[in-house]
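Subject: Structure handover

Hello,

Here is the structure I said I would pass on. My notes on it follow below.

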Amino acid sequence: MSIADKLSAIGRNLTRIFDVGYNKGYGKGHEEGYEEGASESGYNKGYEDGYEEGASESGYNKGYEDGKQAEYDAFWDVFQENGERNEYTNAFGGSGWTKDTFKPKYNIVVSNGYMMFRDSKIEGHLGEILSARGLVLDTSIMYSANYMFSQCRFTGLPVINLLGAPSTSNMFGSSSLVTIDKIIVAKKTSFSNDSFSSASNLANLTIEGEIGSDINFKWSTKLTRASIESIIGHLSDTATGKTLTLSKTAVDTAFPDDWDSYVTANKPGGWTITLV
């Protein structure tokens with residue numbers, strides 16, 4: 001049974017789930033009040049006390065919360081396959097996903113991240129959103145990341161592990177992105193010419209590992225000096241015939257006086273740095 005079929009099936013049970021939680025809490029308050037009234041303070045008073053208690057604090061509210069929790073558990077248990085899901089193609093893409101609807105129950109371990117958050121309307125820092133729920137994003141086994149964050153509204157991303165050497169076409173193509181906490185790479189990690197397409201507001205970026213393929217940041221006019229130094233500092237010493245493309249605006253701002261001397265001292269011999 002597909003995830004969509006499973007979600008359709010649990011949808012038919014949500015009213016029942018809610019009613020069970022509501023009636024359980026409501027009935028408890030009602031009956032306790034009834035029994036107390038019949039024995040001590042009179043039937044009518046006990047009945048009314050029980051009704052009010054059941055309908056307010058120990059009844060309605062508890063029943064409502066129990067019902068909502070059951071609904072939440074039922075949806076995310078199916079959607080995330082009780083924490084076993086790792087195929088997330090287009091899982092959170094589109095306008096239906098916002099910060100109010102994106103409330104995963106389990107860690108998000110991704111093997112296929114194709115268009116995973118493309119055009120989603122979830123705002124804020126993805127890492128902070130997940131951390132607030134005690135969760136993490138794990139991309140260490142990911143083999144496809146094409147369009148993963150394309151045109152998303154995240155301003156920040158947590159650590160992105162690319163050691164699985166996924167394809168990365170337009171992976172970070174969003175003008176909303178300001179910060180990527182860290183990208184972990186290996187020499188085999190392949191960046192597409194458009195991996196950072198449209199990332200015009202990207203300023204803060206840390207690299208860990210060894211960059212061994214051409215990489216293009218021409219759209220990122222706001223990269224800080226620390227970010228540019230991190231990129232250049234992790235270019236592979238053994239790669240040959242490779243090109244790093246940077247925004248001339250970013251470089252002129254970050255290195256007003258010492259760009260040439262910095263490049264001379266730090267650029268590996270097998271690399272060409274092009275400013276656009």
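In these notes a residue is buried if its relative accessible area is under 20%, exposed if over 50%, and partly exposed in between (1.4 Å probe, protein chains only). Helices (H or I, at least four residues) and strands (E, at least two) are DSSP runs, numbered from the N terminus. The model is predicted: local features need pLDDT of at least 70 and side-chain atom pairs count only at pLDDT 80 or more, while totals for chains, interfaces and linings use all residues. Residues are numbered from 1 along each chain as its sequence is written, and side-chain values use heavy atoms, with hydrogens and water left out.

Two strands are taken to pair if DSSP finds at least two bridges between them.

Strand β5 (residues 179–185) has 5 of its 7 residues buried, so the rest of the structure largely encloses it. Strand β4 (residues 154–161) runs parallel to β5 and is joined to it by 5 bridges; here glycine 156 stands opposite threonine 179. β5 also pairs with β6 in the parallel sense, again over 5 bridges. In that pairing, isoleucine 184 has glutamate 208 of β6 as its bridge partner, and valine 185 has glycine 209.

The loop between β4 and β5 contains asparagine 170. Asparagine 170 is buried, at 9% relative accessible area. Leaving aside neighbours within four places in sequence, asparagine 170 is in contact (heavy atoms within 4.5 Å) with Tyr147, Met148, Ser150, Asp194, Ser195 and Ser197.

A second open sheet has 3 strands in the order β7-β8-β9, with parallel pairing. Its edge strands are β7 and β9, each of which pairs on one side only. Neighbouring strands in this sheet are turned by 15 degrees against each other on average, direction ignored (axes are lines fitted to C-alpha atoms, for helices over the stretch in contact, and angles run from 0 to 180 degrees between N-to-C directions). β7 and β8 pair over 3 bridges, and phenylalanine 217 has leucine 246 in β8 as its bridge partner.

In helix α6 (residues 225–233), the residues Ser227, Ile228, Ser230, Ile231 and Ile232 are buried. The cover over the buried residues of α6 includes β6 (204–209), β7 (215–217), β8 (242–246), α7 (248–254), α8 (259–266) and β9 (271–275).

Aromatic rings

The whole structure has 23 aromatic pairs. Rings of Phe, Tyr and Trp (its six-membered ring) pair if their centres lie within 6.5 Å; planes under 30 degrees apart count as stacked, over 60 as edge-to-face and the rest as tilted. Phenylalanine 75 and phenylalanine 79 form a stacked pair, 5.4 Å centre to centre with 15 degrees between the planes. These two residues are 4 apart in helix α4 (residues 57–79), which means about one helical turn separates them. Phenylalanine 75 is partly exposed at 27% relative accessibility, whereas phenylalanine 79 is buried at 8%.

The charged end of arginine 85 sits over the ring of phenylalanine 79, 4.8 Å from its centre. A charge sits over a ring if NZ of Lys or CZ of Arg is within 6 Å of the ring centre and within 35 degrees of the ring normal. The charged end of arginine 225 sits over the ring of tyrosine 262, at 6.0 Å from the centre.

Regards
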